Amino acid sequence: MMLISSSWRSGRRRSGAGFTLIELLVVIGIIGILASMLLPTLGRAKEKGKAIQCVSNLKQLGIGFNLYAQDNRDRYPLGSFVGGQDPAPAFTNILPSARQRPLYGYVGPSAVYRCASDRGQALIPQTDLEFKPTRYETAGISYDYNDSLPTVVANGGFLKGVDGVLAGKPTSWVPDTTRYIVMYEPPARLYANAAGDAQWQQWHYGVGSGEISDPRNARSDFQSAVLFADSHAAMHNFSPSLQGDYLHPYEATRQWMWYKAIEAPARP
Ligand SMILES: [Zn+2]
């Protein structure tokens with residue numbers, strides 16, 4: 001203890017009132033360690049803020065769906081691109097303009113349609129185009145509408161018979177409004193182009209490129225904000241479905257339901 005304090009004093013003398021080089025390096029080292037401990041926490045907090053924003057956005061779109069239904073015989077709209085801004089020039093021939101989208105008169109083009117963690121999609125069904133760098137900048141909307149049956153991998157499918165799709169249906173058609181998915185983010189499911197190439201994405205909390213060629217090898221979770229038919233919205237982790245039953249990722253869970261199954265007739 002004496003030795004340390006004497007060398008401390010001698011160090012102070014050598015450099016006058018300032019710090020010695022060693023002291024400075026120790027301080028810089030400590031700051032570095034503290035920063036490395038703090039930065040991931042800050043990054044997670046920032047990412048959580050983005051996720052909360054998406055849940056809020058989808059709640060507002062839920063209000064838009066309700067207003068649309070009131071004006072349209074209590075029905076869900078048709079078309080995959082329900083709202084948002086005009087598509088990028090490369091997409092104007094295949095995607096509707098902002099004004100042509102069914103929610104246009106209820107939730108106008110605005111940041112409500114944008115996910116701050118939107119990392120786009122490398123594959124778009126039936127085309128050789130991609131939604132890059134983001135889906136919002138190209139398609140005009142980050143979120144997807146569960147209007148039709150989601151894509152499945154080769155040899156994959158649905159374990160039950162499918163009783164139609166949501167687009168154009170009366171709101172009373174929905175089997176369980178608390179679980180039925182109306183809108184979601186692309187990481188919740190898979191996409192494939194006309195050639196059958198499949199691609200999964202990760203946006204919120206994702207690490208790496210965000211483009212996943214096989215969900216079973218993904219290093220992070222498939223997180224997505226979801227709007228349900230009863231107008232509530234929440235973040236959900238779709239990894240158990242996408243990774244667990246790779247061939248049948250759209251079966252109902254306690255939290256969500258992608259499609260309406262044909263129920264077996266009751267026994268007499
Ligand atoms: Zn989002």
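Is Tyr246 buried, exposed or partly exposed? In this predicted model, Tyr246 is partly exposed, because 16 other C-beta atoms lie within 10 Å. A residue needs 20 or more such atoms to count as buried, and 12 or fewer to count as exposed, so a count between these limits is called partly exposed.

To place this residue, begin with the chain as a whole. The chain contains four helices and seven strands. Read from the N terminus, the order of these elements is α-α-α-β-β-β-β-β-β-β-α. The radius of gyration is 25 Å, well over the 18 Å that the globule rule gives for 268 residues, so the chain is more spread out than a compact globule. Along the principal axes, the C-alpha atoms fill a box of roughly 95 × 45 × 35 Å.

Of its 268 residues, 32% count as buried. Among the contacts with a separation of 6 or more, 64% are between residues 24 or more positions apart.

Now return to Tyr246. This residue sits in the segment after helix H4, which covers 239-244. Which residues is Tyr246 in contact with, leaving aside its neighbours within four places in sequence? They are Val153, Pro215 and Arg216.

Methods
Residues are numbered from 1 along each chain as its sequence is written. This is a predicted model: local features need pLDDT of at least 70, side-chain atom pairs count only at pLDDT 80 or more; totals for chains, interfaces and linings use all residues. Helices (H or I, at least four residues) and strands (E, at least two) are DSSP runs, numbered from the N terminus. The radius of gyration is taken over C-alpha atoms; the globule rule is 2.2 Å times the number of residues to the power 0.38. Two residues are in contact if their C-beta atoms, placed from the backbone, lie within 7 Å.
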